[in-house]
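This report looks at a ligand site and at a few individual residues in loops. The sequence and structure come first, and the details follow.

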Amino acid sequence: MLVMAHRGYSGVYPENTMLAFREAASVGCDGVELDVHETKDGQLVVIHDEAVDRTTDGTGFIRDLTFKQLRKLNAAQRFDGKFAPEKIPSFDEFCEWLSGESIFANIEIKTDNTYYPGIEEKTWKTIEKYGVEKQVMFSGFNHFTLRRLQEIVPDYVELGALVEHKSGVQVFPGDYCKASGFQCYHPPIGILNDENVKNCKDNGVKLNVWTVNDMEGLEKLYRWGCEGIITNFPGVAYTWLKGQKKAK
Ligand code: G3P
Ligand code: CA
């Protein structure tokens, strides 16, 4: 089972910052998960929300702010001085860093509420610019974005269909993903059960499950044979899984 650090090592460090990505790589993980939006002047940036208010000392929607304005903000603001100020990373900066690492990135293009026209092409072009095509996969709640990516990216790049808690328990997610050409299903752990796990297995669809921060969840995913865990505490999961391999 692969360990993906959700928004970097976000259980301890400011989410979606280069600090959180570096620390995730250093504590142990197979990949990092990150969220991508686009600024008013067309720059791709790594941040979760559509607005900067929750995670920085600024205010407003990313679509209404320029890259220069965003870069003045402190993405470690919520930690009250525990960490030195962190900038919102550009997606370029992230890809450049990734090119020097041996881990992969699960890139979530955040088009679920605001659609940024052409963001799928722009994201892929940046990935090509830094030569990290073989180190990425995509996920998204907006499955039209995943369909657009299907037209752009090579077949070896995996696509994961994210669904929310409010989607409820889905009985045939494996059939849906297979029919849609999505290699992976990305549900919250709470909507998984023996039946829908089996449906994914029967269809050859991989399960990358979020956001699992406790041992009970980790062990459950392991027993189900899920392919990936998306967690805020990558080191714990990574070390535990290594122990399981040794015990075999
Ligand atoms: O990849 C799983 C997870 O990132 C989905 O939820 O809200 O953290 O983007 P969210
Ligand atoms: Ca995400």
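## A buried threonine in a loop

The side chain of Thr 56 reaches the backbone nitrogen of Gly 58 at 2.9 Å, and it also reaches the backbone oxygen of Val 52, at 2.8 Å; a polar contact here is a pair of N or O atoms within 3.5 Å, where within protein one must be able to donate a hydrogen and the other to accept it, and residues adjacent in sequence count only if both atoms are side-chain atoms. Thr 56 lies in the loop between strand S3 (44-46) and helix H2 (67-71), with helices (H or I, at least four residues) and strands (E, at least two) taken as DSSP runs numbered from the N terminus. Thr 56 is buried, its relative accessible area being 5%, where buried means under 20%, exposed over 50% and partly exposed in between (1.4 Å probe, protein chains only).

## Basis of the description

This is a predicted model, in which local features need pLDDT of at least 70 and side-chain atom pairs count only at pLDDT 80 or more, while totals for chains, interfaces and linings use all residues. Residues are numbered from 1 along each chain as its sequence is written, chains are lettered from A and ligands numbered from 1 in the order in which they are written, and side-chain values use heavy atoms, with hydrogens and water left out.

## Two residues with positive phi

Asn 16 has a positive phi of about 55° although it is not a glycine; Asn 16 lies in the loop between strand S1 (2-6) and helix H1 (18-27) and is buried, with a relative accessible area of 2%.

Asp 80, likewise not a glycine, has a positive phi of about 50°, and its place is in the loop between H2 and helix H3 (91-98). Asp 80 counts as exposed, at 72% relative accessibility.

For the side chain of Lys 110, the distance from an N or O atom to an oxygen atom of ligand 1 is 2.8 Å. Taken alone, ligand 1 exposes 290 Å², of which the protein buries 92%, with accessible areas from the Shrake-Rupley method and a 1.4 Å probe.
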